[in-house]
Every structure is written in C-alpha cells, then in structure tokens.
Amino acid sequence: YFQLTGQPGGTIWGTDVYTGDSYLPAAAVHAGAVELGETAVVKVTMLPSQPLYEGSTRHGQSSHPYGSYSFS
C-alpha cells in the first residue's frame with residue numbers, strides 16, 4: 001500500500017498492468033485509482049514480466065507501449 005497524490009506527467013508504460021519503473025502517481029490516475037490532486041492510499045500488486053505493455057489515454061493521462069520489462 002502506498003499513499004500518494006495523483007499527478008500529471010512522469011512516464012508510464014502500459015494499461016492496467018504497468019512496467020515496474022512507471023511513475024506511480026501518474027499510473028494511479030491513468031488506472032482510475034485516484035484523481036489529479038487527490039491524495040489516497042492505493043494497493044500496488046507486483047506482477048511478473050509481461051511480454052507486451054499496451055499504451056492508451058485515460059483520465060487525461062497518456063501511457064506508452066513497451067515490450068517486455070523485468071517486472072510489473
């Protein structure tokens with residue numbers, strides 16, 4: 001569990017499942033867990049590597065596509 005404030009910017013890769021180095025405050029907004037400027041506690045689940053991460057635009061945040069990454 002992490003307490004964070006939803007923020008724009010920072011780089012995120014993926015949709016619903018994100019690369020382990022994605023900027024968490026922006027990924028949380030993209031996923032719909034928090035709104036921009038909202039502070040909340042979010043649950044983060046670590047997952048194994050995915051073969052592909054798809055990019056998308058949601059909740060005013062854009063994520064990028066990426067190939068395999070060591071963890072999600």
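Which backbone oxygen lies 2.6 Å from a polar atom of the side chain of Ser63? It is the backbone oxygen of Gly14, and the pair is a polar contact, that is, two N or O atoms within 3.5 Å, where within protein one must be able to donate a hydrogen and the other to accept it, and where residues adjacent in sequence count only if both atoms are side-chain atoms.

Before going further, note that this is a predicted model, in which local features need pLDDT of at least 70 and side-chain atom pairs count only at pLDDT 80 or more, while totals for chains, interfaces and linings use all residues. Residues are numbered from 1 along each chain as its sequence is written, and side-chain values use heavy atoms, with hydrogens and water left out.

**Around Ser63**

Stay with Ser63, which lies in the segment after β6; helices (H or I, at least four residues) and strands (E, at least two) are DSSP runs, numbered from the N terminus. Ser63 has a relative accessibility of 8% and therefore counts as buried, where buried means under 20% relative accessible area, exposed over 50% and partly exposed in between, with a 1.4 Å probe and protein chains only. If you display contacts (heavy atoms within 4.5 Å) and leave aside neighbours within four places in sequence, Ser63 is in contact with Ile12, Gly14, Thr15, His30, Glu54, Gly55 and Ser56.

**The helix α1**

Next select α1, residues 24-31, which is largely enclosed by the rest of the structure because 6 of its 8 residues are buried. The buried residues of α1 are Pro25, Ala26, Ala27, Ala28, Val29 and His30, and what covers them includes β1 (2-5), β2, β3, β5 and β6. Move on to Gly32, which follows α1 and has a positive phi, near 85 degrees.

**The core and the surface patch**

Select Leu4, Ala28, Val29, Val34, Ala40 and Val42, the 6 residues that make up the largest nonpolar core, a nonpolar core being a set of buried Ala, Val, Leu, Ile, Met, Phe, Trp, Tyr and Cys residues joined through side-chain atoms within 4.5 Å. At least two residues of this core come from each of α1 (24-31) and β4 (39-42). In soluble globular proteins, nonpolar side chains tend to be buried together. Centre the view on Val42 and you will find that, not counting residues up to four places away in sequence, Val42 touches Tyr1, Phe2, Leu4, Ala33 and Val34.

For the outside, colour Phe2, Leu24, Val44, Met46 and Phe71, which form a nonpolar patch on the surface with about 420 Å² of accessible area together. Within this selection, Val44 is found in the loop between β4 and β5 (57-58).

**The salt bridge**

How many salt bridges are counted? The count comes to 1, a salt bridge being a side-chain nitrogen of Lys or Arg within 4 Å of a carboxyl oxygen of Asp or Glu. Select Arg58 and Asp16 to see the pair, whose closest N and O atoms are 2.9 Å apart. It links distant parts of the chain, with Arg58 in strand β5 and Asp16 in the loop between β2 (14-15) and β3 (17-18), 42 residues apart. Arg58 is partly exposed, with a relative accessible area of 23%, whereas Asp16 counts as exposed at 55%.

Finish at Ser72, in the segment after β6 (61-62), which counts as buried at 8% relative accessibility. Its side chain makes a polar contact of 2.5 Å with the side chain of Tyr53. Leaving out residues up to four places away in sequence, Ser72 touches a set of residues including Val17, Tyr18, Thr19, Met46, Leu47 and Tyr53. Draw a distance from Ser72 to Ser22, and the C-alpha atoms are 8.9 Å apart although the residues are 50 apart in sequence.

Aside from neighbours within four places in sequence, Val17 is in contact with Leu47, Gln50, Tyr53 and Ser72.

Note on methods:
Patch = residues over 30% accessible without salt bridge, like charges linked within 9 Å, V, L, I, M, F, W, Y side chains within 5 Å. Areas by Shrake-Rupley, 256 points an atom, 1.4 Å probe, with all protein chains shown as cover.
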